[in-house]
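Please look over the sequence and the model shown below before reading on. The report then goes through the structure part by part.

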Amino acid sequence: MSTLVTGIGELTTNDEARGGTTGRMRDAAVVLEGDAIAWVGAASDAPAADERVDVGGRAVLPGWVDSHTHLVFAGDRTAEFEARMAGEPYAAGGIATTVAATRAASDDALAANLDRLADELLRGGTTAFETKTGYGLTVDDELRSARIAGTRADAVTYLGAHLVPEGADADAYVDLVVGDMLEAVVPHVDAIDVFCERGAFDEAQSRRVLEAGRARGLALRVHGNQLGPGPGVRLAVELGAASVDHVAFLDDDEVRMLADTWQGGTGTVATVLPACDLSTRMPLAPARRLVDAGAVVAIATNCNPGTSYTTSMAFCVATAVLQMGLTVEEAVRAATLGGAVALGLDGAKPAGGGPDASGAGRARLPVGRIRPGARADLQVLDAPSITHLAYRPGVPLTSAVWRAGARVV
């Protein structure tokens, strides 16, 4: 079955061959065939297809690629949020509240909550997403989190090193994370992550976690430089991590370091999480400085119940434009192709990890671009241009979504 999507007033392709930051085209059309994009070009040159959909001059762009979420959880942290809004500073220890609720929840309850949030992502235009474990922190609970995550996510990250459980010795817990826990989850995950931050894991502990994951062929990710200056970015770059996420506190050397990783064509993506920065009342990550230096930037929601309970990539894009200094084109590219690069889902070999670091055996077409051979993921805005994402902040503009060739919204 083929579908011709025509009448596109503005098409954002992220295809560098078409020029500009996002390869934008006017009066365009796209042909979807099966789960892939078969043709892209001027509407006047479009070939015939089994089905024809005219979007009436609206803007079309790739589906969002949300490269950092925590969707396998139970419970609620409204009280913590209210306290933070009243002036109490954020501390990583709040994670323990969600850990307790998640351990007590049934598999069915966790899966139902994941489905609810994944469907919410889809309605907002997100067609590919990563999610993490990290709210179990026992072998059995991390394993079931990984299995449940894999039922919906395009990429699953093992975050056993999210927090040291209450009453546990930190080094003994790291032994578990890199030992029996890693052994249990490795068939079900694509990457390994560590919260390298004060109140969580120090540099030596974080290095152990990442090196153990790399030895098992997993891509590397780091939660780094969120609450203040720290070793996370430098450790991520040294070990060739696919991404380092949060990056709110960066000095000039760290910005340059992240940019320099891309001199050979692959490197460490700097993932900014603007909704989390706002919710925790921390400084916004320096996205403008990173882009100007030549770093590859991704934008993600960090959807989780404690510090960023949103699935709206559009909100994050608008924030990146209005408050972080990116152009609309830069923000859209970061929220689509940037996320795909961070997850190793752009069709290029991922940074870090082993030969199958981009997946646990799941076949994939590239995402984040609209060009022949990519997965047929796209969204239609009820607007003539992507500029309206920031021009009309807070307005739900996504009016239609295709994922892997099937219309889902």
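**Two domains**

The structure is a predicted model, and the domain assignment of the protein divides it into domain 1, made of 2-62 + 368-407, and domain 2, made of 64-343. The C-alpha centres of domain 1 and domain 2 are 29 Å apart. Where the two parts meet, 22 residues of domain 1 are in contact with 22 residues of domain 2, and the area buried between domain 1 and domain 2 comes to about 1800 Å², with carbon and sulfur atoms giving 62% of it. Within the share that domain 1 buries against domain 2, Thr 21, Leu 389 and Ala 390 supply 27%, which is more than any other three residues.

**A first annotated site**

An unreviewed UniProt entry carries the annotation "binding site" for His 68, His 70, His 223 and Asn 302. These residues span 235 residues in sequence, yet no two of their C-alpha atoms are more than 12.4 Å apart, so they gather at one spot. Of these residues, His 70, His 223 and Asn 302 are included in the lining of the largest cavity.

His 70 is placed in the loop between strand S6 (64-66) and helix H1 (78-85), whereas His 223 belongs to strand S10 (residues 219-224). His 70 has a relative accessible area of 2% and is buried; His 223, at 3% relative accessibility, likewise counts as buried, since the cut-off for that word is under 20% relative accessible area. The side chain of His 68 takes part in a polar contact with the side chain of His 70 at 3.1 Å, and the side chain of His 223 makes a polar contact with the side chain of His 68 at 3.4 Å. Not counting residues up to four places away in sequence, the residues that His 70 touches include Lys 132, Tyr 135, His 223, Asn 302 and Asn 304. On the same terms, His 223 touches a set of residues with His 68, His 70, Lys 132, Asp 193 and His 246 among them.

**A second annotated site**

For "binding site", the unreviewed UniProt entry also lists Tyr 135, Asn 304 and Gly 306. Although these residues are spread over 172 residues of sequence, they cluster in space, the largest C-alpha distance being 11.7 Å. From this set, Tyr 135 and Asn 304 are taken in by the lining of the largest cavity.

Asn 304 lies in the loop between S13 and H12, and Gly 306 has its place in the loop between S13 and H12 as well. Leaving aside neighbours within four places in sequence, Asn 304 is in contact with His 70, Tyr 135 and Tyr 309, while Gly 306 touches Arg 77, Glu 80 and Arg 84. The side chain of Asn 304 also reaches the backbone nitrogen of Thr 307 at 2.8 Å.

Thr 310 is found in the loop between strand S13 (297-299) and helix H12 (313-322). A polar atom of the side chain of Thr 310 lies 3.1 Å from the backbone nitrogen of Ser 312, and, apart from neighbours within four places in sequence, Thr 310 is in contact with Ala 275, Thr 301 and Cys 303.

**A covered helix**

Helix H4 (residues 139-149) is mostly covered, with eight of its eleven residues buried; among them are Leu 143, Arg 144, Ala 146 and Ile 148. The buried residues of H4 pack against helix H2 (95-104), helix H3 (107-123), strand S7 (126-132), strand S8 (155-161) and helix H6 (180-185).

**Two residues with positive phi**

Most residues other than glycine have a negative phi. Leu 137, which is not a glycine, has a positive phi of about 60° and lies in the loop between S7 and H4. Arg 281, also a residue other than glycine, has a positive phi near 55° and lies in the loop between helix H10 (274-279) and helix H11 (287-293).

The table sets out the relative accessibility of these and two earlier residues.

| Residue | Relative accessibility | Class |
|---|---|---|
| Asn 304 | 3% | buried |
| Gly 306 | 5% | buried |
| Leu 137 | 4% | buried |
| Arg 281 | 53% | exposed |

How values were computed: Residues are numbered from 1 along each chain as its sequence is written. This is a predicted model: local features need pLDDT of at least 70, side-chain atom pairs count only at pLDDT 80 or more; totals for chains, interfaces and linings use all residues. Side-chain values use heavy atoms; hydrogens and water are left out. Buried means under 20% relative accessible area, exposed over 50%, partly exposed in between (1.4 Å probe, protein chains only). Helices (H or I, at least four residues) and strands (E, at least two) are DSSP runs, numbered from the N terminus. Contact means heavy atoms within 4.5 Å. UniProt positions are given in the numbering used here, feature names are shortened, and annotations may be inferred rather than shown by experiment. On a 1 Å grid over the protein atoms alone, a cavity is a set of points where a 1.4 Å probe fits but cannot get out, and a pocket is an open set with protein on both sides within 12 Å along at least five of seven lines; lining residues have an atom within 4 Å of a point. A polar contact is a pair of N or O atoms within 3.5 Å; within protein, one must be able to donate a hydrogen and the other to accept it, and residues adjacent in sequence count only if both atoms are side-chain atoms. Domain bounds come from an automatic or database domain assignment. Buried area is the accessible area (1.4 Å probe) that two parts lose on being put together, summed over both.
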